[in-house]
Amino acid sequence: MVQYEIGETMTPLQSEKAPNACVLTLVTSKELQQNLRIPGLEMLLRHTPSAQDSRVCKTEVHRSHLCGTIVTPRRTKEQRPIAFGYLLAPGNVILCDDSGAAHTMIQRMQLQSPHQECGIGTFFHAFLECLIAKDLHHLQELEDRLNQLEEYVLADKLENFNAEMRTLRKEIIGWNRYYSQLDDMVCDLLENGNLYFDENELRLLRMVESRINRLKNEAQTQREYGLQVHELFQAELDMRQNRIMKILTVVTTIFLPLTLIAGWYGMNFHDMPELSWKYGYPAVIAISAVVLLGCLGIMKKKKFW
C-alpha cells in the first residue's frame, strides 16, 4: 500500500494530508482480500473493485462514491495483464493495481505535471491521459505489421499468413473493444450524477473522451485495413488456384485426343486394317504427334499459356 497527497504537488503522503488536498491510495488485490485497514478508508476499501480477473472497463455510480475497473490490452514485460480497479470519493482516490504499472504512471505524472491541481476529476483526467499517451504508437506498430503482411502477400509468400493474421486480428479487436468500453466509462463519469466534478474537471474529461474517440477511430481503421489485407490474401490464393487449374486444364485438353486415339486403337478388333499393317504403329505415333503439336499451337494462339 502506498499513499500520495495530491495538492499543489503530488508527493508521497507522510502523515496527515493538507487541507483541501486529495489522497491517492495504491493497493493490490491481495491487500483488498486481506481486508487492509487504513484509518478513515475502511468503508471505501470494502467497495474498491479488485484488479484481479477484471475483464471490462466500466463505471458504477453509488450514492457515496464512483467505482469501476479499467482493463487494457497491454501487458508488462513479465506478461502480466495491466488492469486497475478504482474508486473515486470526495478527497480520496483508490487504485487497485497488481501489475505495478500504476506506480510507473504516477512517477511519470510527477515529472510531466509536478504542480497538480487537487481534485479527483483533475487527477483521474491526468491518469487517463497518461494511460493512453503511448497508445498511438501501439496502433502504429499494428499497422506496420499489417503492412508487412501485405508485402508478403504481394510477393506471393502466403505461408503462415493465417496464423499471423489471426493473432493480429485478435489484437486489433481487443484494442477496438478497449476504446469502446473506455469511452462508455468516461461518458458515465461525465453524467456527474454525484456532482463530484466541477466545470473545469468536466471540460478535462470531455477532452480525454475526445482523444479516446480518435484512438477508437484509428483502431477501427486498422480493423478495416486488416480485412482488406485478408481479402487481398484470399484473392492471391484464388489466383494461385486458378493458375493450377489452368495448367491442369491445358494438360487435360492436350492429352484428351491422345487418350481417344489410344482407346480407339487399343480395341484390337480382328478386322481393323491397321492391326496387321507394318506401318500402323509409326502411323499412330505420327498422328499423335500432329495432334499434340496442333493443340499446343491453338492454345498458344489463343494465349492460354
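Where is F269 found? F269 sits in the loop between α7 (199-265) and α8 (280-301). Please keep in mind as you read on that this is a predicted model.

## A nonpolar patch at the surface

F269 also belongs to a group worth a look from the outside: together with W264, Y265 and M267, F269 forms a nonpolar patch on the surface. The accessible area of these four residues together is about 430 Å².

## The largest pocket

Let us turn to the open spaces. The largest pocket holds about 830 Å³ of space. Its lining is made of 29 residues, and the closest to the centre of this pocket are V71, T72, P73, R74 and R75. Elements that give two or more residues to this lining are β5 (66-75), β6 (81-89), α5 (135-154) and α6 (161-190).

Which element makes up the largest share of the lining of the largest pocket? That is α6, with seven residues. Sorted by class, the lining of the largest pocket contains 11 charged, 10 nonpolar and eight polar residues.

## The second largest pocket

The second largest pocket has a volume of about 400 Å³. Here the lining consists of 16 residues, with R74, R75, I82, A101 and R108 the closest to the centre.

At least two lining residues of the second largest pocket come from each of β5, α3 (101-112) and α4 (120-131). The element that gives the most is α3, with four residues. As for the classes, six residues of this lining are nonpolar, six are charged and four are polar.

Rolling a probe the size of a water molecule over the atoms shows where empty space is left. How many cavities of 30 Å³ or more does a search of the whole structure find? The search finds one, and about 40 Å³ of space lies in the largest cavity.

To find this cavity in your viewer, select its lining: V61, L66, D188, L189, N192, G193, N194, L195, Y196 and F197. By class, this lining has six nonpolar, three polar and one charged residues.

## Aromatic pairs

Finally, a word on the rings. A pair of aromatic rings is described by the distance of the centres and the angle of the planes. In this model the count comes to eight aromatic pairs. One of them is formed by Y86 and F124, whose centres are 4.9 Å apart. With 45 degrees between the planes, this pair is tilted.

The Y86 and F124 pair links distant parts of the chain. Y86 lies in strand β6 and F124 in helix α4, 38 residues apart.

Methods: Residues numbered from 1 in each chain as written. Predicted model: local features only at pLDDT ≥ 70, side-chain atom pairs only at ≥ 80, totals over all residues. Heavy atoms only, no water. 1 Å grid on protein atoms, 1.4 Å probe; cavity = no way out; pocket = protein on both sides within 12 Å on 5 of 7 lines; lining within 4 Å. Points joined across faces, edges and corners; volume = space filled by probe spheres on them. Nonpolar A, V, L, I, M, F, W, Y, C, P; charged D, E, K, R; others polar. Patch = residues over 30% accessible without salt bridge, like charges linked within 9 Å, V, L, I, M, F, W, Y side chains within 5 Å. Areas by Shrake-Rupley, 256 points an atom, 1.4 Å probe, with all protein chains shown as cover. Salt bridge = Lys/Arg side-chain N within 4 Å of Asp/Glu carboxyl O. Phe/Tyr/Trp six-rings, centres within 6.5 Å; stacked < 30°, edge-to-face > 60°.
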